[in-house]
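These are my notebook entries on a single chain. I set down what I looked up, entry by entry.

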Amino acid sequence: MEVVEVLHMNGGTGDASYASNSLLQKKVILLTKPITEEAITELYTRLFPKSICIADMGCSSGPNTFLAVSELIKNVEKKRTSLGHESPEYQIHLNDLPSNDFNTIFRSLPSFQKSFSKQMGSGFGHCFFTGVPGSFYGRLFPNKSLHFVHSSYSLMWLSRVPDLEEVNKGNIYLSSTSPLSVIRAYLKQFQRDFTTFLQCRAEELVPGGVMVLTLMGRKGEDHSGKESGYALELLARALNELVSEGQIEEEQLDCFNVPQYTPSPAEVKYFVEEEGSFSITRLEATTIHWTAYDHDHVTGHHHAFKDGGYSLSNCVRAVVEPLLVRHFGEAIMDEVFHRYREILTNCMTKEKIEFINVTVSMKRRV
Ligand SMILES: C[S@@+](CC[C@H](N)C(=O)[O-])C[C@H]1O[C@@H](n2cnc3c(N)ncnc32)[C@H](O)[C@@H]1O
């Protein structure tokens with residue numbers, strides 16, 4: 001299955017939409033702000049482009065689409081004001097797969113631009129927005145045309161489900177019971193996709209251009225830990241319940257695997273170095289808890305949800321439902337997510353579970 005044909009976040013702005021269920025991803029963007037700020041400020045003060053060209057890869061549709069790019073613009077504006085420079089022109093490219101709900105983005109653009117310009121005050125340069133539909137595992141922009149590339153929570157999506165030699169029985173992603181050959185096939189697919197991504201962006205970025213990527217990942221080398229893919233393991237538990245009740249065919253579950261890979265910082269480093277076009281400035285793993293809300297001043301951890309299983313179940317649903325519908329059909333979805341919510345709520349009262357984010361900041365070698 002080619003992901004480009006099937007994957008998309010739930011569109012619109014309704015209860016099931018990504019726009020209404022992307023608080024976790026928003027927290028991640030805010031959590032990684034110091035890294036993006038440092039990267040864009042360094043780029044601006046090194047190149048002082050009159051027109052600065054920024055691309056957000058996998059922008060989706062919803063509040064986060066504008067959040068990520070507006071933070072970048074704010075950083076440049078802060079710096080240029082402190083230096084007494086004129087505001088540059090901003091060229092903002094919003095990329096996602098063609099099936100992304102670009103209409104919702106475009107419709108909300110005028111009101112966003114109006115309030116953002118007001119917030120930025122007088123002297124703020126022109127800001128041009130473009131939607132770029134297409135897979136980021138291919139060329140999307142002309143040679144040496146971008147200054148800055150940003151991507152948050154998108155690059156863990158593979159271009160396709162890897163070809164598997166063995167059945168990943170009872171699982172939908174990598175877990176402690178996945179055969180070694182399955183783990184290897186996933187890693188190989190990630191390497192291929194990530195390398196392609198780096199090669200394409202290396203063509204498109206100007207020499208000295210900068211890229212900050214955040215992926216859902218894991219800390220250590222182990223794939224079976226609760227920090228990696230556990231949300232999908234619990235979704236597999238819900239699907240397995242329905243198999244044991246005869247509502248889903250066992251074979252149907254056995255041949256469903258999610259085209260996602262959660263890399264470790266070491267893997268990201270290795271693949272960036274092996275591709276060779278970029279030098280890494282920063283590489284960090286951050287943590288976000290499933291269970292609570294807001295910033296915990298004692299531990300310094302960020303939390304995503306206060307109402308347990310309900311919000312997280314909706315968040316995962318907004319992301320993976322189109323993939324599930326294509327494989328299992330629409331009719332069973334409410335039942336799947338009803339079970340999933342119960343399983344999540346139950347787990348979250350007993351365990352402290354967190355998502356790991358891997359952020360890498362890098363510069364195009366000159
Ligand atoms: C979980 S969303 C993250 C959206 C947004 N960046 C945020 O932080 O909220 C992942 C996005 O990546 C997009 N995506 C996945 N694979 C892609 C590809 N090959 N090319 C472009 N976009 C892709 C999906 O369509 C989806 O909108």
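**Entry 1**

I began in the loop between strand 4 and helix 6, where I found Tyr153. Helices here are DSSP runs of H or I with at least four residues, strands are runs of E with at least two, and both are numbered from the N terminus. Tyr153 is not a glycine, yet its phi is positive, about 55°. Tyr153 has a relative accessible area of 8% and is therefore buried (buried means under 20% relative accessible area, exposed over 50%, partly exposed in between, with a 1.4 Å probe and protein chains only). I then noted Lys144, also not a glycine, with a positive phi of about 50°. Lys144 sits in the loop that links strand 3 (127–133) to strand 4 (146–152).

**Entry 2: basis of the values**

I recorded that the model is predicted, that local features need pLDDT of at least 70 and side-chain atom pairs pLDDT 80 or more, and that totals for chains, interfaces and linings use all residues. Residues are numbered from 1 along each chain as its sequence is written, and side-chain values use heavy atoms, with hydrogens and water left out.

**Entry 3: the chain as a whole**

I counted 11 helices and 9 strands in the chain. Of its 366 residues, 57% are buried. I took contact to mean heavy atoms within 4.5 Å. Among contacts between residues at least 6 apart in sequence, 82% join residues at least 24 apart.

**Entry 4: helix 6 and helix 9**

Two packed helices are described by the angle between their axes and the distance between the axes. For helix 6 (residues 180–204) and helix 9 (residues 265–275), I noted an angle of about 50° and axes 10 Å apart. Axes are lines fitted to C-alpha atoms, for helices over the stretch in contact, and angles run from 0 to 180 degrees between N-to-C directions. Helix 6 and helix 9 are therefore oblique to each other (under 35 degrees is roughly parallel, over 145 roughly antiparallel, 65 to 115 roughly perpendicular, and the rest oblique). On the helix 6 side, the contact residues include Phe190 and Phe194, and on the helix 9 side they include Phe271 and Val272. By class, this contact of helix 6 with helix 9 has 7 nonpolar, 3 polar and 3 charged residues. I used these classes: Ala, Val, Leu, Ile, Met, Phe, Trp, Tyr, Cys and Pro are nonpolar, Asp, Glu, Lys and Arg are charged, and the others, Gly among them, are polar.

**Entry 5: helix 7 and helix 11**

Helix 7 (residues 230–244) packs against helix 11 (residues 333–350) at about 125°, with axes 9 Å apart. Helix 7 and helix 11 are therefore oblique to each other. Residues that meet here include Leu234 and Leu235 in helix 7 and Tyr340 and Ile343 in helix 11. I noted 13 nonpolar, no polar and 4 charged residues in the contact of helix 7 with helix 11.

**Entry 6: aromatic pairs**

I found 17 aromatic pairs in the structure (ring centres of Phe, Tyr and Trp, its six-membered ring, within 6.5 Å; planes under 30 degrees apart are stacked, over 60 edge-to-face, the rest tilted). Tyr44 and Phe48 are edge-to-face, 5.1 Å centre to centre, with 80° between the planes. Tyr44 is buried at 2% relative accessibility, whereas Phe48 is partly exposed at 35%. Tyr270 and Phe271 are also edge-to-face, at 5.8 Å and 70°. Tyr270 is partly exposed at 47%, and Phe271 is buried at 4%.
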